[in-house]
Amino acid sequence: MVKQQLLTKFMNIIEKMNWRYATKKFDINKKISSENLATLLEVLRLSPSSYGLQPWKFIVVNNPDIRAKIKEVAYGQTQITDASQIIVFANKTNIDANLVDEYMNFVAKEKGIDVSLLEGFAGMIKGSFTGKSIGDLKGWAACQTYLAAGNLLTTCAVLDIDACPMEGFDRSKVDEILGLSSLGLESKMIVAMGYRAEDDADATKKKIRFPKEEVFIEIN
Ligand SMILES: Cc1cc2nc3c(=O)[nH]c(=O)nc-3n(C[C@H](O)[C@H](O)[C@H](O)COP(=O)(O)O)c2cc1C
């Protein structure tokens, strides 16, 4: 019985992963409930990151005029304005010793310990930054943010919410529209979320994935 229940549970997640697709056309009249939205945002906040540094900000863009401006620099992709919600994933640009120190101060406060106790950990992280170009460090930070986006996409599927991850936009223009550089941020991706339009042709397209033999290497 327990085995059967587990089997059903795992079948469900696979069903959801097959159900989800990068939604091209959203139903503009269907909105994500505030409870679901709160859950999705909490999933983002709880996402893991290397060393726990959380080098991100998730920008919840509600303003329709700003969304229209973003659409203009996103090749006119209608998901930007038609989805119930969009979130712009941004990275902090100061991936450096200061960021580590700020984080350690926060950790010390949360744990109620003296920050000096975290010197070793801080030194290790700073050491790992040594010799890396700012490009490499930003790339590393972006990896963390993409993990959070992955969590969001999976949670959307579990909650029967449609979503589209999007990189098809001019990042520097989105940064400008949102005033991100003055906040020490730069945009990486956008996730549009809501409910598929009944006539979104992409909903019924075959899912194209490499077969298991191509994607897994088993080392025994
Ligand atoms: C990082 C990333 C960026 C993407 N950018 C866009 C985009 O700008 N517009 C779009 O319609 N789909 C975009 N996609 C969706 C992919 O094309 C889609 O996930 C892929 O073809 C697999 O199809 P499926 O998600 O429908 O299963 C993006 C996906 C990822 C992961």
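At what angle do helix H5 and helix H6 pack, and how far apart are their axes? The angle is about 155°, and the axes lie 10 Å apart. This report starts from that pair and then widens to the rest of the structure. The model is predicted.

**Two helix pairs**

H5 covers residues 97-111, and H6 covers residues 119-129. An angle over 145° counts as roughly antiparallel, so H5 and H6 are roughly antiparallel to each other. Their crossing is right-handed. From H5, the residues in contact are Ala97, Val100, Asp101 and Met104. From H6, they are Ala122, Ile125 and Lys126. Sorted by class, this contact has five nonpolar and two charged residues, and no polar ones.

A second pair brings together H2 and H7. H2 spans 34-45, and H7 spans 134-158. They pack at about 150°, with axes 9 Å apart. H2 and H7 are therefore roughly antiparallel to each other. Their crossing is right-handed. H2 supplies Leu40, Val43 and Leu44 to the contact. H7 supplies Ala148, Asn151, Leu152, Thr155 and Cys156. By class, the contact of H2 with H7 holds six nonpolar and two polar residues, with no charged ones.

**The whole protein**

How many helices and strands does the protein have? There are nine helices and four strands. Read from the N terminus, the order of elements is α-α-β-α-α-β-α-α-α-β-α-β-α. The C-alpha atoms fill a box of roughly 55 × 50 × 35 Å along the principal axes. The protein has 220 residues, and 21% of them count as buried. Take the contacts between residues at least 6 apart in sequence: 81% of these join residues at least 24 apart.

**Around the ligand**

Which residues surround the ligand? They are Tyr21, Ala22, Lys24, Gln77, Cys164, Pro165, Met166, Glu167, Gly168, Met189 and Lys207. Strand S3, residues 162-166, gives the largest share of this shell, with three residues. By class, the shell divides into six nonpolar, two polar and three charged residues.

Arginine 67 and glutamate 167 are 100 residues apart in sequence, and their C-alpha atoms are 15 Å apart in space. Arginine 67 belongs to helix H3, residues 64-72. Leaving aside neighbours within four places in sequence, arginine 67 contacts Val61, Ile80, Thr81 and Ile86. Arginine 67 counts as partly exposed because it has 19 C-beta neighbours inside 10 Å.

**Residues in loops**

Several loop residues deserve a look. Glutamine 54 sits in the loop between helix H2 and strand S1, which spans 56-61. Aspartate 160 is in the loop between H7 and S3. Most residues other than glycine have a negative phi. Glutamine 54 has a positive phi of about 50° although it is not a glycine. Aspartate 160 has a positive phi too, near 60°, and is likewise a residue other than glycine.

Isoleucine 95 lies in the loop between strand S2, residues 85-92, and H5. Is isoleucine 95 buried or exposed? It is buried, because 21 other C-beta atoms lie within 10 Å. Beyond residues up to four places away in sequence, isoleucine 95 touches Pro55, Leu137, Lys138 and Ala141. Isoleucine 95 also pairs at a distance with lysine 126: they are 31 residues apart in sequence and 9.7 Å apart in space, C-alpha to C-alpha. Lys126 is one of the H6 residues that meet H5.

Serine 181 is found in the loop between helix H8 (171-178) and strand S4 (185-194). Threonine 93 is 88 residues from serine 181 along the chain, yet their C-alpha atoms are separated by 8.4 Å.

| Residue | C-beta neighbours inside 10 Å | Class |
|---|---|---|
| Glutamine 54 | 19 neighbours | partly exposed |
| Aspartate 160 | 11 neighbours | exposed |
| Serine 181 | 12 neighbours | exposed |

Where does the line fall for serine 181? A residue with 12 or fewer such neighbours is exposed, so serine 181, with 12, counts as exposed.

Notes:
Residues numbered from 1 in each chain as written. Predicted model: local features only at pLDDT ≥ 70, side-chain atom pairs only at ≥ 80, totals over all residues. Axes fitted to C-alpha atoms, helices over the stretch in contact; angles between N-to-C directions. Parallel < 35°, antiparallel > 145°, perpendicular 65-115°, else oblique. Left-handed = near helix turned anticlockwise from the far one by under 90°. Contact = placed C-beta atoms within 7 Å. Nonpolar A, V, L, I, M, F, W, Y, C, P; charged D, E, K, R; others polar. Near = placed C-beta within 6 Å. Buried ≥ 20, exposed ≤ 12 C-beta atoms within 10 Å, placed from the backbone.
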